Amino acid sequence: MTTTSNRNISTSTVRSSFLPFLAGIAFGIASSILYTRVICSRNQKSSSSSSSLWLQPPSTLPRFAQEILSNHHHTNTEKISNDDSNGESTNASSPNTALSSENWTEVRLREWEDLNWRDANGWQGRDLCHNPQGLGVRILHYYYKASSKEMVGVVWFGPHAESHRGLCHGGAMTSLMDDFCGHLAFLHSTSGQPWSGATVQVNVSLKKPVKVGSILRIIGRIDKHEGRKIYVHATLDDGGGDNNGGSSIDGEEQNKDPLVYATLEGLSIDGVKMSQHEDPVSKRTWEVEVCEHSGRLQRRDSGWKLL
Ligand SMILES: CCCCCCCCCCCCCCCC(=O)SCCNC(=O)CCNC(=O)[C@H](O)C(C)(C)COP(=O)(O)OP(=O)(O)OC[C@H]1O[C@@H](n2cnc3c(N)ncnc32)[C@H](O)[C@@H]1OP(=O)(O)O
């Protein structure tokens, strides 16, 4: 009797203490399902919609970038004088086109664009500023003018360049400046050897924060060439004009000064061999020609002819 009553008591005690426990578990499972389905899907939607904005540079570039692209555009029928001072070979397939150091040429290196070729030729990763799939700082175009030793570029700051909320890391701007300094020096190099030189000093002054997703201009020139030392000055800005949001009340475009984000005083050493590879890739030369497809004058490496 005692045993039965004890059992009854213990069964009812278990029931009464277990039921709320079970209900709690059921509630927990239901709410976690609800959270997963509703809240997470909402988060996913918002994160995918915000990051998809930035997975690629915008398809429509700001006006200054469009102007850079169109000002540096030449057609095959255009006559250009043949006095390039940097000694590049010219393309025999464009007999009507003579080439000039007075002209802007688009700078193209195969290792930036052809990732399979890059992998097959000893590179071990992706370039910090020229990866066509990169989400940090990405240089979309470089144009070089040999006569004035100037270069201009269009740059995109992607989501992986972020530091403070919505703003880019100072290192992203500095990496860009390092690349610019190296490129400008290597384009002007007297050694005539590809990749012979190194940036040794990058003195960058960060003037204004860059928003993630920005498209900006980098523009600069070689200031001085002393022995093997090449001094470079450059500015990262918004290109001026109406790019900084300015337009007059009657809608006419204002000629605004560019907003400056950073400046560079850089130094490269000509002729330094950083990599010891000796093969056809390391013996490439610069070639200047008109691109058959775009009609643009371009300065690209002879590696495009290698397998
Ligand atoms: C044709 C088709 C393909 C084309 C393909 C081309 C690709 C075109 C795209 C490239 C785009 C890349 C853009 C990335 C930019 C990088 O360059 S990435 C590399 C980053 N840089 C580094 O890692 C460099 C590290 N530093 C070093 O390894 C050593 O310092 C070096 C550079 C090997 C030293 O070289 P060195 O020949 O021994 O030089 P050294 O005799 O010590 O110095 C020469 C002079 O420079 C001065 N100097 C040296 N270092 C410094 C310094 N840090 N500060 C001040 N002065 C200095 C010396 O005082 C000396 O001056 P003078 O006595 O002549 O007045």
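## Contacts with the ligand

A nitrogen atom of the ligand sits 2.8 Å from an N or O atom in the side chain of Gln-201. This comes from a predicted model. Lys-229 also reaches the ligand with its side chain: one of its N or O atoms is 2.9 Å from a ligand oxygen atom. Thr-199 uses its backbone instead. There, an N or O atom lies 2.9 Å from an oxygen atom of the ligand. How much of the ligand does the protein cover? On its own, the ligand has 1,400 Å² of accessible area, and the protein covers 59% of that.

## The shell around the ligand

The ligand has 22 residues around it. Those that come nearest are Thr-199, Gln-201, Arg-228, Lys-229 and Ile-269. Sorted by class, the shell holds eleven nonpolar residues, five polar ones and six charged ones.

Which elements supply at least two residues each? They are α5 (170-188), β5 (196-206) and β8 (260-273). Of the elements, α5 gives the most, with five residues.

## The annotated domain

The UniProt record, an unreviewed entry, carries the annotation "domain: Thioesterase" for residues 166-241. In the model, this span is 25% helix and 42% strand.

Strand β6 covers residues 215-226 and pairs with β4, residues 150-157. The two run antiparallel, and seven bridges join them. Look for Trp-156: this residue stands opposite Ile-215 in β6.

Strand β6 also pairs with β7, residues 229-237. This pairing is antiparallel too, with nine bridges. Here Ile-218 stands opposite Leu-236 in β7. Together β6 and β7 form a hairpin, with two residues between them. Gly-227 is in the turn, and its phi is positive, at about 60 degrees.

Lys-149 is in the loop between β3 (137-145) and β4. Its phi is near 55 degrees. That is a positive value in a residue other than glycine. Is Lys-149 buried, exposed or partly exposed? Lys-149 has 29% relative accessibility, so it counts as partly exposed.

## A buried arginine

Now find Arg-299, in strand β10 (residues 297-301). Why does Arg-299 count as buried? Its relative accessibility is 0%, and buried means under 20%. The side chain of Arg-299 has a polar partner: it makes a polar contact with the side chain of Thr-105, at 2.9 Å.

Trp-54 lies in the loop between α1 (2-52) and α2 (63-71). This tryptophan counts as partly exposed because its relative accessibility is 30%. How far is Trp-54 from Asp-279 in space? Their C-alpha atoms are 38 Å apart. In sequence, 225 residues separate the two.

Technical notes. Residues are numbered from 1 along each chain as its sequence is written. This is a predicted model: local features need pLDDT of at least 70, side-chain atom pairs count only at pLDDT 80 or more; totals for chains, interfaces and linings use all residues. Side-chain values use heavy atoms; hydrogens and water are left out. A residue is near a molecule or strand if one of its heavy atoms lies within 4 Å of it. A polar contact is a pair of N or O atoms within 3.5 Å; within protein, one must be able to donate a hydrogen and the other to accept it, and residues adjacent in sequence count only if both atoms are side-chain atoms. Accessible areas come from the Shrake-Rupley method with a 1.4 Å probe; for residues, only the protein chains shown count as cover. Helices (H or I, at least four residues) and strands (E, at least two) are DSSP runs, numbered from the N terminus. Ala, Val, Leu, Ile, Met, Phe, Trp, Tyr, Cys and Pro count as nonpolar, Asp, Glu, Lys and Arg as charged, and the others, Gly among them, as polar. UniProt positions are given in the numbering used here, feature names are shortened, and annotations may be inferred rather than shown by experiment. Two strands pair if DSSP finds at least two bridges between them. Buried means under 20% relative accessible area, exposed over 50%, partly exposed in between (1.4 Å probe, protein chains only).
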